[in-house]
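Here is a quick tour of one chain, from a single residue out to the whole fold. Have a look at the structure first.

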Amino acid sequence: MPAPVDTEALKKSLVTRFVEVTHDRLQQIQLAALKLEQADAGGDLENLARELHTMKGEARMLGLLAVGQLAHAAEDVLKANREKKVDAKTGTDLLLQACDVISELIETPEQAKEGTQASLAMAERLAQAAGTPVPPLRPAPSAPRPSMRKPA
């Protein structure tokens with residue numbers, strides 16, 4: 001019989017790995033954000049969107065809800081920029097500031113979970129610029145998928 005899995009140790013290991021990867025990811029996001037003001041930034045913007053989306057999903061899976069909230073709000077700013085609702089300079093400035101706040105959050109797991117005054121204020125600034133509501137810290141649970149089985 002296999003040994004039981006130490007889920008707490010596994011989760012701690014995954015969070016540690018997330019923090020390491022996120023430091024690299026934030027650098028990629030910052031570099032791509034600096035290119036928002038360039039006319040030929042299409043591929044960089046796709047990479048930026050993908051990095052934010054991946055960070056959001058991974059953070060939420062690990063219960064680092066404040067990181068997920070900020071990544072979601074940053075995605076909204078990027079979308080608003082694409083739709084010409086947020087100018088490139090404002091978008092760049094906000095995305096760079098969001099990266100700084102996320103970097104601070106991931107230094108303390110509890111802050112990455114529950115957030116800080118600074119992270120909430122940043123989420124509010126991002127949402128205001130994007131013209132969207134502040135993403136919830138705890139997203140609503142997904143509706144259950146309908147069963148593919150035929151009733152008996």
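Buried means under 20% relative accessible area, exposed means over 50%, and partly exposed is anything in between, with a 1.4 Å probe and protein chains only. Histidine 53 counts as partly exposed because its relative accessibility is 47%.

Before going on, a word on the source: this is a predicted model, where local features need pLDDT of at least 70, side-chain atom pairs count only at pLDDT 80 or more, and totals for chains, interfaces and linings use all residues. Residues are numbered from 1 along each chain as its sequence is written, and side-chain values use heavy atoms, with hydrogens and water left out.

Histidine 53 sits in helix α2, which covers residues 42–61. (Helices are DSSP runs of H or I with at least four residues, strands are E runs of at least two, and numbering starts from the N terminus.) Go ten residues along in sequence from histidine 53 to glycine 63, and the C-alpha atoms are 15 Å apart in space.

Zooming out, the chain has six helices and zero strands, so its pattern along the sequence simply reads α-α-α-α-α-α.

| Property of the chain | Value |
|---|---|
| Buried residues, of 152 residues | 36% |
| Contacts joining residues at least 24 apart, among those at least 6 apart in sequence | 72% |

Contact here means heavy atoms within 4.5 Å, and accessible areas come from the Shrake-Rupley method with a 1.4 Å probe. As for extent, the C-alpha atoms fill a box of roughly 60 × 45 × 30 Å along the principal axes.
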